[in-house]
Amino acid sequence: MIKEKNNLSEKEKIFVLSLIKEGKTIPKEYIYKLAKDDEDVFLFWNGRNEEVTNVVLPFHSIEQIDEPRKEIKKKDSPTTLFEVDKRGRQLKGWTNKLIWGDNKLILSSLLNGPLREEIEKQGGIKLFYIDPPFAVGADFSYDVKIGNNDVTKKQSVIEDIAYNDTWGKGISSYLSMMYERLKLMHDLLADDGSIYVHCDWRVNFYLRLILDDIFGVNNYRNEIVWTYTGGTDRSKGFQQKHDTIFLFSKSENFLYNPQYTKFSESTIKRFNKIDKYGKRYKENRLSDGRITKTFMKEEGKLMPDYWHHNILVVSHSESVNYPTQKPEIILYKIIKASSNEGDIVSDIFCGSGTTAAVSEKLNRKWICADLGRFAIHTTRKRLIQVQRELKNEGKNYRAFEILNLGKYERRYFLKVNTDLPEKDQQKQLEEKQEQYIGLILEGYKAKRIKGFKTLHGQKADRFVYVGPIDFPVTKADIEEVLEECVDKTITKIDVLGFEFEMGVAPFIEQELEGYGVNLRLKNIPREVFDKRAVAKGQVKFYDVAYLEINPIIKEKSIKIELKDFVTKYTQDDLEEIENKLKKGGSKVIIENGNIIKISKDKEGKYNREILTKNWSDWIDYWAVDFDYQSKKEIINVGKGEDCKEVWSGNYIFENEWQSFRTKKNNKLEFISAKHTYEKTGKYKVAVRVVDILGQDTLQVVEVKV
């Protein structure tokens with residue numbers, strides 16, 4: 001419908017209406033005239049949408065990490081941030097948040113959900129720094145070093161989809177992605193808060209216009225230019241040696257702490273006199289013969305908006321081998337300028353975790369997020385290192401927790417109304433049960449079968465059981481499936497699940513032979529909910545990894561030994577790679593739990609060398625929770641007055657001890673430190689392993705001390 005007030009002539013109105021009736025495209029010049037009457041310039045692109053996501057999904061805490069402090073301070077001590085327990089671990093107070101998932105859903109849930117109240121109690125988010133993707137061709141893949149060889153871990157399908165959503169239609173889809181997220185950040189930002197947006201020549205002019213549109217031209221504060229050596233050299237044209245960082249505030253009343261740089265040696269020499277108070281000054285002789293004094297500012301000169309810092313190279317001491325990692329000095333300047341101690345800083349494209357690391361060192365609270373599993377794992381290891389450094393220096397640090405959106409994200413993908421009470425959501429899930437099973441089977445390339453009590457599908461000669469969307473597959477579920485297999489003389493079965501009950505993998509190893517059934521446990525990937533991934537046949541269901549642990553018990557003390565790790569992870573098609581390999585070439589691939597170097601000599605003969613010689617080559621990180629079921633996971637469900645705390649049915653993994661590889665130290669410990677229980681009795685011990693590809697495996701055993 002065309003509004004009465006517009007800049008179209010009568011002839012143009014008739015023409016536009018005729019195009020609408022015929023379903024034809026309206027020329028852009030007419031769209032601009034219709035869009036905004038009171039603006040000289042209106043920002044428009046194909047796909048622009050003023051509406052933003054307002055979904056609220058509860059956050060699940062999957063791990064809490066807090067290095068025990070050396071000394072237990074009294075809770076009323078002025079140097080203590082919060083109350084701690086006898087082990088020196090944080091009991092209460094704000095915990096920093098590292099969130100894995102789609103940052104659009106994360107921002108919407110932070111903005112509209114119960115966590116918003118907790119954020120507001122801390123003064124709100126004072127600072128957003130983001131370093132979003134700004135290069136067409138960028139992806140989430142990364143290299144893993146095995147001995148002297150590198151193997152590329154390809155981006156997951158969910159990451160591939162995110163990349164296609166960002167760049168699939170060129171710059172218009174990128175602008176739509178950034179516009180919605182920037183609007184959500186603007187709404188979430190404290191009134192006196194600021195945002196820094198890091199970009200380069202590819203998108204800086206687009207992002208400046210979007211920021212003007214959302215934050216307002218009057219709230220533009222600075223265009224910071226980061227210059228560096230390294231980077232791209234060009235044979236023609238000036239060398240491209242800088243990035244751009246835009247600074248916008250939410251309002252005119254914004255938090256800003258002036259930053260200073262040191263005076264040069266030549267400037268200091270000009271202030272060559274010192275008064276009785278030790279202040280440096282220079283004398284100025286006026287035309288009438290009088291002499292005045294100009295004192296040199298002790299803090300230095302005000303910092304300009306151009307900064308020179310070299311980009312990080314692999315050999316740099318800060319480097320964590322993450323492709324887009326930025327120098328910490330840049331974040332030091334930004335965080336000091338636009339926040340105070342105790343304020344919340346956020347980065348929703350956190351990458352290697354530089355924002356979180358610097359925030360922790362500067363005694364800021366932080367909320368960071370990323371879609372990439374490797375980014376979350378890299379940040380986790382980096383923040384543990386920061387905690388250790390601060391601990392050794394006798395400084396305070398906060399616990400941090402790793403969150404995701406869990407089963408509620410799966411409900412959202414299935415189009416269940418997550419605003420409804422839990423009872424009504426369950427009813428919707430029941431109504432969508434057949435749709436859900438069909439969706440999983442389609443992703444698994446299996447056909448639906450009828451007439452069975454537990455089995456849902458068949459793929460070639462293997463039958464398929466689909467686990468529930470909301471709950472782990474239990475030993476009882478598997479026993480029921482096995483009984484039907486024996487009854488129907490079925491010898492091959494695949495069990496698909498989002499999660500598996502603790503102890504299922506060892507149960508399968510120990511009990512399966514008695515049934516005479518070949519059973520495989522397979523993880524259902526998040527990508528199964530994306531029709532594009534399913535249509536392209538890109539969804540991969542990986543075998544559940546299995547680890548073996550040995551509790552070493554002495555009276556009330558225990559150590560945990562990591563003894564074995566088995567994975568069937570497959571990324572590449574070995575035969576396909578061999579067929580494409582040129583003579584004299586080689587490639588490192590991942591196939592059926594092995595990392596293999598394939599070489600083709602000049603005569604066309606192949607050589608396969610398995611690089612993962614030992615199970616331990618697969619381990620990047622492992623951690624232990626010595627009393628796993630001591631802390632229930634309580635989540636907030638619902639909105640506003642209807643919001644309530646409920647037990648999710650899961651427990652929080654409290655990371656009490658860990659060993660992991662770093663660039664400086666590639667060695668692992670395989671026996672944990674000793675843990676002593678206060679009382680004798682039975683305890684559940686949980687062990688989490690993250691392999692070199694970022695895949696996560698959790699196993700629980702019961703011990704008696």
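Me: How many aromatic pairs does the structure hold?
Reply: There are 20 aromatic pairs. Bear in mind that this is a predicted model.

Me: Which residues do ring pairs link into a cluster?
Reply: The cluster consists of Tyr412, Phe413, Tyr436, Phe498 and Phe529, linked by ring pairs.

Me: And what sits over the ring of Phe498?
Reply: The charged end of Arg410 does, 4.3 Å from the ring centre. Phe498 is also one of the cluster residues.

Me: What lies over the face of Trp647?
Reply: Lys632, at 4.3 Å from the centre of the Trp647 ring.

Me: OK, helices now. At what angle do H3 and H6 pack?
Reply: About 25°, and their axes are 10 Å apart. H3 is therefore roughly parallel to H6, as the cut-off for that is under 35 degrees. H3 covers residues 103-112 and H6 covers residues 171-188.

Me: Is the crossing of H3 and H6 left-handed or right-handed?
Reply: H3 and H6 cross in a left-handed sense.

Me: Which residues meet there?
Reply: From H3, Asn103, Lys104, Leu107, Ser108, Leu110 and Leu111. They meet Glu180, Arg181, Leu184, Met185, Asp187 and Leu188 of H6. By class, the H3 contact with H6 has six nonpolar, two polar and four charged residues.

Me: Then H10 and H11. What angle do they pack at?
Reply: H10 (residues 354-361) packs on H11 (residues 373-392) at about 15°, with the axes 10 Å apart. So H10 too runs roughly parallel to H11.

Me: Left-handed or right-handed, the crossing of H10 and H11?
Reply: Right-handed.

Me: What does H10 put into the contact, and what does it meet in H11?
Reply: H10 has Thr354, Ala356, Ala357, Glu360 and Lys361 there, and they meet Arg382, Leu383, Val386, Glu389 and Leu390 of H11. The contact of H10 with H11 divides into five nonpolar, one polar and four charged residues.

Key. Residues numbered from 1 in each chain as written. Predicted model: local features only at pLDDT ≥ 70, side-chain atom pairs only at ≥ 80, totals over all residues. Heavy atoms only, no water. Axes fitted to C-alpha atoms, helices over the stretch in contact; angles between N-to-C directions. Helix = DSSP H or I, 4+ residues; strand = E, 2+ residues; numbered from the N terminus. Parallel < 35°, antiparallel > 145°, perpendicular 65-115°, else oblique. Left-handed = near helix turned anticlockwise from the far one by under 90°. Contact = heavy atoms within 4.5 Å. Nonpolar A, V, L, I, M, F, W, Y, C, P; charged D, E, K, R; others polar. Phe/Tyr/Trp six-rings, centres within 6.5 Å; stacked < 30°, edge-to-face > 60°. Lys NZ or Arg CZ within 6 Å of the ring centre and 35° of its normal.
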